Amino acid sequence: MRLLPVASAGLIVLISAGCVRRHVDITSVPDGALVKVNGREVGRTPCRVEFDHYGDFDVVLTKEGFETVVGVGSAKAPVWDWAGVDLIGELAPFNLVS
């Protein structure tokens, strides 16, 4: 049977097509504040920080001549990251944006 190799190749392409990228955008007024997330420097505002797991993050913004801002940011899982539904999100051949 020659259908099995074709079906297997199609399944491999379908599985490898999906991609989940989790990120949060951090901004400030004025721009250029140093951003630390969970104690790690990640850049200057505006910046995009990628993460692997949803939850709470300690965020510190500092800029010379301005008051330091300390807070907690929260990233909650969108519906397509819920158990069961996440498989569809992983396999989707397009980007899902919350």
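Is D25 buried, partly exposed or exposed? I looked up its relative accessibility: at 46%, D25 counts as partly exposed. My cut-offs are under 20% relative accessible area for buried, over 50% for exposed, and partly exposed in between, with a 1.4 Å probe and protein chains only.

Ground rules. This is a predicted model, where local features need pLDDT of at least 70 and side-chain atom pairs count only at pLDDT 80 or more, while totals for chains, interfaces and linings use all residues. Residues are numbered from 1 along each chain as its sequence is written, and side-chain values use heavy atoms, with hydrogens and water left out.

**Entry: the charged pair.** I searched for salt bridges (a side-chain nitrogen of Lys or Arg within 4 Å of a carboxyl oxygen of Asp or Glu). The structure holds 1. R48 pairs with D25, and the closest N and O atoms are 2.8 Å apart. R48 sits in strand β4 and D25 in strand β1, so the bridge ties together parts that are 23 residues apart in sequence. I took strands as DSSP runs (E, at least two residues; helices are H or I, at least four), numbered from the N terminus. R48 counts as exposed, at 53% relative accessibility. Side chains of opposite charge can pair when their charged atoms come close.

**Entry: β1 and β4.** I checked how these two strands meet. β1 (residues 23-26) and β4 pair in the antiparallel sense over 4 bridges. Pairing here requires at least two DSSP bridges between two strands. H23 has E50 of β4 as its bridge partner.

Next I looked at the faces of β4 (residues 47-50). C47 and V49 form the covered face, R48 and E50 the uncovered one. In a regular strand the side chains alternate between the two faces of the sheet.

I also listed contacts of V49 (heavy atoms within 4.5 Å). Leaving out residues up to four places away in sequence, V49 touches R22, H23, V24, I26 and V42.

**Entry: the nonpolar core.** Which residues make up the largest nonpolar core? I found 11: I26, A33, V35, V37, C47, V49, F51, F57, V59, L61 and A75. β5 gives the most, with 3. A core here is a set of buried Ala, Val, Leu, Ile, Met, Phe, Trp, Tyr and Cys residues joined through side-chain atoms within 4.5 Å. In soluble globular proteins, nonpolar side chains tend to be buried together.

**Entry: the four-strand sheet.** I traced an open sheet with the order β3-β2-β5-β6 and antiparallel pairing. β3 (40-44) and β6 (69-75) are the edges; each has a single partner strand, so one side of each lacks a neighbour in the sheet. Inside the sheet, β2 and β5 pair over 4 bridges. V35 has L61 of β5 as its bridge partner.

Entry: Most residues other than glycine have a negative phi, and most peptide bonds are trans. I looked for exceptions. V29 and P30 are joined by a cis peptide bond, omega about 0°. P30 is in the loop between β1 and β2. The bond from T45 to P46 is cis, with omega near -5°. P46 is in the loop between β3 and β4. N38 is not a glycine, yet has a positive phi of about 50°. N38 lies in the loop between β2 and β3 and, at 47% relative accessibility, counts as partly exposed.
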